[in-house]
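Subject: Structure for you to look at, with notes

Dear colleague,

I am handing over the structure we spoke about, and below it you will find my notes on what turned up. Please read them with the sequence and the coordinates open beside you.

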Amino acid sequence: MPVTDNAVTDNRTPGDLSGSDITGAFKSGTGTRFTRLLGIATIASMALLIVFGLFVSPADVIQGESVRILYIHVGTVWVAYLAFSVTALASAAFLWKRTTSLIWDRIAGASAEVGVLFMALTLFAGALWGRLAWGKFWVWDARVTTTAFLFITYIGYLAVRGLGGSHHQRGRRSAVVALLAVLEIPLVHFSVKLWRGLHQDSSVTDTTKVKLHDQMLFSLFIAVIAFTLLYSWLVIHRQRVMAMQDALDDKGLDYALQQRRDEGDG
Amino acid sequence: MLRVARLIAAKDLRIELRSRVVTNQVLPFAAIVMVMFAFAFNTDSVVQKVAPGLVWLATLFSLLTLVQRSFAVETADGATDALRGAGVDPAGIFLGKAIALAAQLAVLELVLLFTAVVLYSAEFRLSGLVLLVTTFVAATCGLALVGTLYGGLAAGVRGRETLLPLLLLPVVAPVLIGATRATEAALGTGGAVVADGWSWVGLLTVFVALFGVGGTLAFGPLIEE
């Protein structure tokens, strides 16, 4: 149904968020002075990682050049575990009555999204490295298997977030699922460990018992810093985009209600 | 809470007894899965060796359909809303539905075990009977609790048929591992000894305890709208 201008008293379109409190600080996007500095620091540390990881640090005595994959692998797996921990803590904060706020829900969601992405990268880089180091893409090691389960579990978590309903409904539902994942993961890890323990020793630790070269250790350190900065930058922005989406949903609803009311008046 | 649980469980089981969906649809489904496994693995010696694992795998697949069924009953005609509106304790609903689900699963597992003995000539020995019964009780409780919890979450939302397996299967992986190993020990599959099975029963018990408590607490917030 066409709506003429004079029929709409509130002539803001659904996309116009100018009156919203949540987005008041980021009218021109999700960037602030802080995130810009964070972004620059991320790029600088990534550049440093490339220099150290690819050129300065030596090739491994046993693994050769393939050891460089580990700088990516360790950095991303650290971020993935960090992200899922943040999701769990933010979910607990959302469910706890004294601190309940949708911001915790959005942080949990943003962190889980970034975590799933980095977990995928971890599995990919790990498989490539495994092919070179062990001759196969996958081993049924307890740690590797738990990681794969984490990945699937948080894909499920993201699916739960997408179920719809009100923002608070989404928040409560997904927060409960995130906390149940905290119950599930140690059980999976323990059971897989017990399962492998009865069959064969894990082969992961065999090749990595070598003492690390100083420059390798430093490259790993830079990798962890660089990926942590990237994680923070991504989560802050994603969280703000989610806030805007939520505000847009509310606005869209108000707008639709207003239209119906005007139809009634007309 | 226990009174509510008993009422809900009795109601669910009465519905299943009268509608005969479990006996006429889920049990034949589980049986055909067992036959399909035999087709897929071809040789007799292989299915005999992996029989315990196949029993539990078929149980998991059937669990998915049982859970869907258990909550389809609740969401039809807004039964859950009515229960909530009447101020029924969510913990009671959770335990009641879990008990009813456990009873159905127990029947199903017995049939599957029997099928494995007949079709796969799975070994069976009396010395492992205590371990076998304990394993089946613990695993059934675990599956029923987790199934009810995630079934309640997925009930009444769009796309629940596809969401439930994605959420449920990773969580029940420890039950699959634990129950399979313990059943192998009880039956003596591939020369396993009975004593090996008890640590797996321990794992299953921990699982039941954690999800029993966790589920009772979490079910309320999950079904509240």
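Read along the sequence, chain A follows the pattern α-α-α-α-α-α-α, which amounts to 7 helices and 0 strands; helices here are DSSP runs of H or I with at least four residues, strands are runs of E with at least two, and both are numbered from the N terminus. Before going further, please bear in mind that this is a predicted model, in which local features need pLDDT of at least 70 and side-chain atom pairs count only at pLDDT 80 or more, while totals for chains, interfaces and linings use all residues. Residues are numbered from 1 along each chain as its sequence is written, chains are lettered from A and ligands numbered from 1 in the order in which they are written, and side-chain values use heavy atoms, with hydrogens and water left out.

Chain A as a whole

Of the 266 residues of chain A, 42% count as buried, where buried means under 20% relative accessible area, exposed means over 50%, and partly exposed lies in between (1.4 Å probe, protein chains only). The accessible surface of this chain comes to about 14,200 Å², and 66% of that belongs to carbon and sulfur atoms; such areas come from the Shrake-Rupley method with a 1.4 Å probe, and for residues only the protein chains shown count as cover. Among the contacts in chain A between residues at least 6 apart in sequence, 82% join residues at least 24 apart, a contact being heavy atoms within 4.5 Å.

Salt bridges

Side chains of opposite charge can pair when their charged atoms come close. The rule used here asks for a side-chain nitrogen of Lys or Arg within 4 Å of a carboxyl oxygen of Asp or Glu, and by that rule the count comes to 13 salt bridges over all chains.

One of them joins A:Asp105 and A:Arg161, at 3.0 Å from N to O. This pair links distant parts of the chain, since A:Asp105 belongs to helix 3 (residues 102-133) of chain A and A:Arg161 to helix 4 (residues 142-161) of chain A, 56 residues apart. A:Asp105 counts as buried because its relative accessible area is 3%, and A:Arg161 counts as buried because its value is 9%. The two residues also belong to a network of salt bridges that links A:Asp105, A:Arg106, A:Arg161, A:Arg170 and A:Asp246. Leaving aside neighbours within four places in sequence, A:Arg161 is in contact with A:Asp105, A:Arg106, A:Gly109, A:Arg170 and A:Ser174.

A second example in chain A is the salt bridge between A:Glu263 and A:Arg260, whose closest N and O atoms are 3.2 Å apart. These residues are separated by about one helical turn, because they lie 3 residues apart in helix 7 (residues 214-265) of chain A. Here A:Glu263 is partly exposed, with a relative accessible area of 38%, and A:Arg260 is likewise partly exposed, at 48%.

In chain B, the side chains of B:Lys97 and B:Glu74 meet in a salt bridge of 2.7 Å, N to O. B:Lys97 lies in helix 5 of chain B and B:Glu74 in helix 3 (residues 44-75) of chain B, so the pair ties together parts that are 23 residues apart in sequence. Both B:Lys97 and B:Glu74 are buried.

Where the chains meet

The contact takes 26 residues from chain B and 25 residues from chain A. About 2,300 Å² is buried between the two chains, with carbon and sulfur atoms giving 79% of it; buried area is the accessible area (1.4 Å probe) that two parts lose on being put together, summed over both. Across this interface the rule finds 0 salt bridges. On the side of chain B that touches chain A, the elements that give two or more residues are helix 6, helix 7 (160-187) and helix 8 (198-223) of chain B, and the largest share, 10 residues, comes from helix 8 of chain B.

A nonpolar patch on chain B

Helix 5 (90-119) and helix 6 (129-154) of chain B each supply at least two residues of the patch, and helix 5 of chain B gives the most, with 4 residues. B:Phe124 is placed in the loop between helix 5 and helix 6 of chain B, and it counts as partly exposed because its relative accessibility is 44%.

With best wishes
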